[in-house]
Amino acid sequence: MSYQSITPGECAAKLSGADRVVVVSGAGLSTAAGVPDFRGPKGLYVTRAYDPEQVFEIHGFDRDPRPFYAFTRDFLSLLGTIRPTFTHRFLVELERRKPETTIITQNIDGMHQRAGSRRVYPMHGDYETAHCRGCGRGYEGSEVEAMLEHQEVPTCDRCGVAIKPDVVFFGENVRHFNEAQSLAGASDLMLALGTSLTVYPAAMLPEIAGGEVVIVNQGEVGMRPRPGVFLADANLDEFFQSVAAELDWSVEE
Ligand code: APR
Ligand code: ZN
């Protein structure tokens, strides 16, 4: 069985009739802004720019936090130079018109929040807060960024152990999973955007969606086709510019 395809017009019609839209977003949402994804053609795991086992793995971090902080320096300085994509901004308009819209994101770049979306659950955490790996003391993300100016690895001023931003590593539990499960089950339409749907448990959410699922993603997705699941193998911003035109929605610049 192959996926049922879907056009922007058909997606617009489904959005018009939905009230409880749940968006599951992935790294593909931010590539147009210049943030590399992981498994796309220029993804971090494809170019091997960073070794995922070293950078995003909790035991690797506790052994040596330097690779993660080398990535973090590049990542945070990149975030300072970019702005949300059209699709991020389309989702803000969607929430404005349909206030029960909720975004469950796998992204750690904070771009949904920066664009103005309010109901955002960062399942893989983000850089807003951090905790000491020794005594558990909490820090603001801004404090860690300030430490990065003069420390290769920010350390706790109470116990001297490395501080780790509250990004979810492989080997750690994701955030907000119970809410994500109930939101997915209660949704009457789910959009899975810019994600290869290969990392669990986020990849499970479209399997338990209460209504139809529309996947918009260029390239392979790790989800079995089933009735009620539609796939547009398309560029996200181009697709949602067409959806916005079909709906006659003007999306803030
Ligand atoms: N339009 C449409 N699709 C795109 C675009 C775009 N402009 N840019 C990239 N894509 C697609 C890529 O082809 C890829 O299939 O988005 C998908 C992104 O998939 P991944 O790189 O696997 O990212 P994601 O699914 O978010 O990864 C999940 O893996 O490493 C962990 O914690 C990390 O949150 C991440 C998780
Ligand atoms: Zn400490």
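## Zinc site

Four donors count as tetrahedral if all angles lie between 85 and 135 degrees, where donors are N, O and S atoms within 2.8 Å of the metal (3.2 Å for Na, K and Ca), and since water is not among the atoms, sites may look incomplete. By that criterion the site of the zinc ion (ligand 2) is tetrahedral, with angles of 94 to 119° among its 4 donor atoms. This is a predicted model, in which local features need pLDDT of at least 70 and side-chain atom pairs count only at pLDDT 80 or more, while totals for chains, interfaces and linings use all residues. Residues are numbered from 1 along each chain as its sequence is written, chains are lettered from A and ligands numbered from 1 in the order in which they are written, and side-chain values use heavy atoms, with hydrogens and water left out.

The SG atoms of Cys132, Cys135, Cys156 and Cys159 coordinate the zinc ion (ligand 2) at 2.2 to 2.3 Å, and along the chain these donors follow the spacing C-x2-C-x20-C-x2-C. Cysteine 135 lies in the loop between strand E5 (125-132) and strand E6 (138-140), and cysteine 156 in the loop between helix H8 (141-147) and strand E7 (163-167), so the pair ties together parts that are 21 residues apart in sequence; helices (H or I, at least four residues) and strands (E, at least two) are DSSP runs, numbered from the N terminus.

Cysteine 135 is partly exposed at a relative accessible area of 33%, whereas cysteine 156 is buried at 4% (buried means under 20% relative accessible area, exposed over 50%, partly exposed in between, with a 1.4 Å probe and protein chains only).

## Surroundings of ligand 1

Ligand 1 is surrounded by 21 residues, the closest being Thr31, Arg39, Tyr45, Ser196 and Gln218, where a residue counts if one of its heavy atoms lies within 4 Å. Oxygen atoms of ligand 1 lie 2.8 Å from a polar backbone atom of phenylalanine 38, 3.0 Å from one of glutamine 106 and 2.7 Å from a backbone N or O atom of glutamine 218. The protein covers 92% of the 730 Å² of accessible area that ligand 1 has on its own, as given by the Shrake-Rupley method with a 1.4 Å probe.

## Backbone features

Tyrosine 200 and proline 201 are joined by a cis peptide bond with omega of about 5°, and proline 201 sits in the loop between strand E8 (189-193) and strand E9 (212-216). Leucine 197, placed in the loop between E8 and E9, has a positive phi near 50° and is buried at 1% relative accessibility.

Conventions. Four donors count as tetrahedral if all angles lie between 85 and 135 degrees; four count as square planar and six as octahedral if opposite donors are over 155 degrees apart and all others between 65 and 115; anything else is irregular. A polar contact is a pair of N or O atoms within 3.5 Å; within protein, one must be able to donate a hydrogen and the other to accept it, and residues adjacent in sequence count only if both atoms are side-chain atoms.
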